[in-house]
Every structure is written in C-alpha cells, then in structure tokens.
Amino acid sequence: MKGLKFILAGILFGIVMSKSEAISWYRIQEMFRFQAFHMYGIIGTAVVLGAIATYLIKKYNMKDYQGNPIIFTPKEMSVPRYIIGGTIFGLGWALTGACPGPMAVNLGYGYWAIAVAIGGALAGTYLYGAIKDKLPH
C-alpha cells in the first residue's frame with residue numbers, strides 16, 4: 001500500500017499523455033517537421049510547471065516522501081555535453097517517435113513493438129554508465 005500513490009500517479013500520467021496525444025508517433029513527427037504547435041505546447045507547459053514546482057520546493061524547503069530535504073545541486077555548464085547528449089536523445093526520440101515517458105504509456109497500451117525502443121534505451125543507459133568515466137564531462 002506504500003507504493004499506491006506512485007501507481008496512481010503513473011496511471012494519471014498515462015491518462016494525461018494519451019488524452020493529450022503526446023504518445024502519438026504522428027504528433028511527434030509533426031513536431032520534428034515544424035508542422036504543428038501541439039507538442040511544443042505540451043512541452044512548454046511541462047517546463048513552466050517544472051519551473052514553478054522547483055521554485056516552490058526551494059522557497060518552502062520541502063522534503064521528499066521519506067522526510068529528507070530536497071536539495072538541488074548546480075551542474076557544471078559544459079556546452080559539448082548538452083549538444084552531444086541532446087543530439088543523441090533527439091535522434092532517438094525522432095527515430096522511435098517516443099521519449100521515455102510515452103514509451104511506458106505505449107507499452108501499457110499494448111504496443112509491444114515499443115519494447116524494442118525500451119530495450120535500446122536501457123542498453124544505451126547501461127553503455128553510458130559503463131563508459132561514463134572515459135567521456136569528457
């Protein structure tokens with residue numbers, strides 16, 4: 001029962017993603033071809049809500065669900081890391097038509113072919129973890 005709130009949040013996330021058509025391959029392709037504003041509106045809303053949530057967490061010194069303080073540590077600003085990482089992420093997103101959140105929702109919808117993309121994402125994450133120390137940061 002401790003994990004029920006997380007399961008309910010995941011279900012709500014899946015409903016919002018599917019009803020907003022953010023899991024649609026066609027909507028994602030429209031975005032990458034600059035043919036529709038739909039996905040930019042969804043992403044922009046998420047960025048604004050994330051900024052507001054971050055501001056409120058910092059202002060009120062909020063704690064996580066275990067009672068630990070939430071601490072934001074600044075990252076080193078390095079242009080190559082963001083360009084290379086963003087390019088790899090964007091290419092994967094454009095080729096598969098899904099980023100990590102919609103991948104899970106598509107799997108939940110029963111689109112089993114997305115399991116290949118999920119496997120690729122997991123393999124890429126593992127590979128990054130294995131060679132992380134050898135990469136420029």
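How many salt bridges does the count come to? I counted with the rule that a side-chain nitrogen of Lys or Arg lies within 4 Å of a carboxyl oxygen of Asp or Glu. By this rule I get two salt bridges.

**Ground rules.** I am working on a predicted model, where local features need pLDDT of at least 70, side-chain atom pairs count only at pLDDT 80 or more, and totals for chains, interfaces and linings use all residues. Residues are numbered from 1 along each chain as its sequence is written, and side-chain values use heavy atoms, with hydrogens and water left out.

**Overall fold.** I looked up the secondary structure and found six helices and zero strands. Helices (H or I, at least four residues) and strands (E, at least two) are DSSP runs, numbered from the N terminus. From the N terminus the order reads α-α-α-α-α-α. The C-alpha atoms fill a box of roughly 40 × 40 × 30 Å along the principal axes. I then checked burial: buried means under 20% relative accessible area, exposed over 50%, and partly exposed in between (1.4 Å probe, protein chains only). Of the 137 residues, 17% count as buried.

**Contacts.** I took contact as heavy atoms within 4.5 Å. Among contacts between residues at least 6 apart in sequence, 37% join residues at least 24 apart.

**Salt bridges.** I went back to the two bridges. Arginine 27 meets glutamate 21 at 2.7 Å, N to O. Arginine 27 also bridges to glutamate 30, with the closest N and O atoms 3.3 Å apart. Arginine 27 and glutamate 30 are three residues apart in helix 2, so about one helical turn separates them. Shared partners join Glu21, Arg27 and Glu30 into one network. Arginine 27 has 22% relative accessibility, so it counts as partly exposed. Glutamate 21, at 36%, is partly exposed. Glutamate 30, at 25%, is partly exposed too.

**Helix 2.** Which residues of helix 2 are buried? In this helix, residues 25–32, I find Ile28, Gln29 and Met31 buried. Seen down the axis, the buried residues fall within an arc of 155°, so they line one face of helix 2. The arc is that of the directions from the helix axis to the C-beta atoms. These buried residues pack against helix 3 and helix 4. Just after helix 2, I noted phenylalanine 34 with a positive phi of about 55°.

**Core.** A nonpolar core is a set of buried Ala, Val, Leu, Ile, Met, Phe, Trp, Tyr and Cys residues joined through side-chain atoms within 4.5 Å. The largest one has nine residues: Met17, Ala22, Ile23, Ile28, Met31, Met39, Trp93, Cys99 and Val105. I followed tryptophan 93 from there. Leaving out residues up to four places away in sequence, tryptophan 93 touches Ile28, Met31, Phe32, Ile43, Ala98 and Cys99.

**Loop.** Where is methionine 62? I find methionine 62 in the loop between helix 3 (38–59) and helix 4 (79–96). At 39% relative accessibility, methionine 62 counts as partly exposed.
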